[in-house]
Amino acid sequence: VSTAPASLSARADLVLAPPRRRLQPVALLALPGAGYLALAFAAPLALLLMASVISEGRPTLAGYRTFLADPFSWTVMANTIRSAGLITLICLVAGYPAAFALARAAGLLQAALLAALVLPLSVGVVVKAFAWTILLRSDGVVNRALVGLGAVDAPVRLLFTESGLVLGAVNVFLPFMVLPIFSVVKLIDPRLLDAAATLGSSPLHRFFRVTLPLTMPGVIAGVAFVFSMSVSMYVIPTLLMGDRFKTLSVLIARSFLFMRDRSVGSTASVMLLLIAVAVVVASALLTRRWQPSR
Amino acid sequence: MMLERAAVVAMWTVTAAVVLTLLAPLAVTLAVSVSASSVFNLPPPALSSRWYERMLRLRELWPAVRLSVGIAAVSTVISLGLGTLCAIAVTRGTFPGKTALVTFMVSPLMMPGLVVGVALLQFLREIGLRVTRTVLAGLSLFDFTLVEAARTLGCSHPRALVKVMVPVLAPAFLTSGLFAFLASMDNYPISIFLVDARHKTLPILMLQYLEENPDPTIAAISSGLILMTIVVLLIADRLVGLRRLADF
């Protein structure tokens, strides 16, 4: 999972490469992988899509009509998108400066910072979500820190609340925001900023006209990745919120595992899939827009 | 000047907070696992190894570990194989529809695991394939850092290719293999749909255990996983360097 931003940028490069139309024998090497993915990924998804629009052998949109007519579905979708948006925003605000710090740091400090990012990245999500159930307890570390800092007078309820969920999820997804941004920040030539400063550009102006545009590809990759992971997260809400907070993933899992309701399940799955596809398409288009012209 | 100094201070403050919150869950897990208390008290009132002893007595644990490691190993090997071939084809070959192919190949990474799991379950039911379904599922996590690796091979002569291939590709193999392995070990959303009551993977076992008896045994198992990850990362750092691991 951890390499999607790389794939994003790799894909963007390839989109920009001038197409040459001639089949070479080496292209055949792609066949086993493509064939495998077609069978184990594309075909099942196509089948799922079919199942959502076919009922008793006839094409129908009844499943979607029922789903979209139910106010509950809208609550679920709003929950999913709102929490994912919030998580992505916080990840961006915290991750952007951290990526710069990582690029500025040198030697041992940089190694330590990198280790602090890569280690949590490599530890499973079940482990981390479980740890957050301990951290968020009313007598837990987070509450004691909040009281200690004077942010709150008495311990607040965090576990099984949306704030707790957002806090835990931000923590799990943060490396996926920091690392893609870091990968573009470290390529920025510091002389560009010096040049801008020599030419009399103010610090704010320099940031918005030089630094920010140069880091946009990393920002887009990070945002796309964190958002698509947040809309589809399942383990984190299950542990930190329980069943009370319904997101699309929770609804999908419940309808297949417990309610045995394939119609709701496949409709909700297609909805989640549509969101994911929209994120991929949007990020590809935006990356192309922000890629320096060559 | 004032503004810039403020920006630098803000940058390091945020970074310190980020590092602290990233490491907090791991530190807490380790602390709870050696606590004598059976509620998750912090700091631990007294040290004890009882949760580790309890973990070792957990009968269901070892089959789950074996299953998870097995699935992860098989899917890592196969996805490295298929992924490398694809990466070579995509970077060295020119053919119509190349862009579309690459988009298709990386798309599983961005798709919700849960949906892929549901879809696979129904598909496999439909075609009646039962045996290797979890392995099949793990394989959908293709790794495209290999594209970069193959790109460095860009224009070499086919004969020189073999000679330089192993040393050049080795780090990329290691890092993408490592992440493919870890991702596969941790793959809850896909495997929840594809395993049955008798065959549980480690994440599924952990989540079930947590629901049934929430005690620090789960922290002991988690600590085991964290320590294993640290060891693996240290080895990887020795071999290719941490910078390369974080190379997105």
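A salt bridge is here a side-chain nitrogen of Lys or Arg within 4 Å of a carboxyl oxygen of Asp or Glu, and by that rule the side chains of Glu162(A) and Arg82(A) meet in a salt bridge, with 3.1 Å from N to O. The structure is a predicted model, in which local features need pLDDT of at least 70 and side-chain atom pairs count only at pLDDT 80 or more, while totals for chains, interfaces and linings use all residues. Residues are numbered from 1 along each chain as its sequence is written, chains are lettered from A in the order in which they are written, and side-chain values use heavy atoms, with hydrogens and water left out.

The secondary structure of chain A comes to 13 helices and two strands, where helices (H or I, at least four residues) and strands (E, at least two) are DSSP runs numbered from the N terminus. The C-alpha atoms of chain A fill a box of roughly 70 × 70 × 30 Å along the principal axes, and 54% of its 294 residues count as buried, a term that means under 20% relative accessible area, with exposed meaning over 50% and partly exposed in between (1.4 Å probe, protein chains only).

The pair of Glu162(A) and Arg82(A) links distant parts of the chain, since Glu162(A) belongs to helix α8 of chain A and Arg82(A) to helix α4 (residues 71-104), 80 residues apart. Glu162(A) is partly exposed at 24% relative accessible area, and Arg82(A) is likewise partly exposed, at 41%. Over all chains, the search finds four salt bridges. One of them joins Arg54(B) and Asp215(B) at 3.4 Å, N to O; Arg54(B) lies in helix α2 (residues 50-57) of chain B, and Asp215(B), 161 residues apart from it, lies in the loop between α10 (202-212) and α11 (217-240). Within this pair, Arg54(B) is partly exposed at 31%, whereas Asp215(B) is buried at 9%.

Leaving out residues up to four places away in sequence, the contacts of Ile87(A) (heavy atoms within 4.5 Å) include Val166(A), Ala169(A), Val170(A) and Phe173(A).

The contact between the two chains takes 90 residues from chain B and 102 residues from chain A. The area buried between them (accessible area, 1.4 Å probe, that two parts lose on being put together, summed over both) is about 8700 Å², of which carbon and sulfur atoms give 79%. The count of salt bridges between chain B and chain A is one, formed by Glu4(B) with Arg206(A), whose closest N and O atoms are 3.8 Å apart. On the side of chain B that touches chain A, helix α1 (residues 2-33) gives the most, with 17 residues.

Ser269(A), found in helix α13 (residues 262-290) of chain A, counts as buried because its relative accessibility is 0%. Beyond its neighbours within four places in sequence, Ser269(A) is in contact with residues of both chains, including Leu48(A), Val115(B) and Val118(B).
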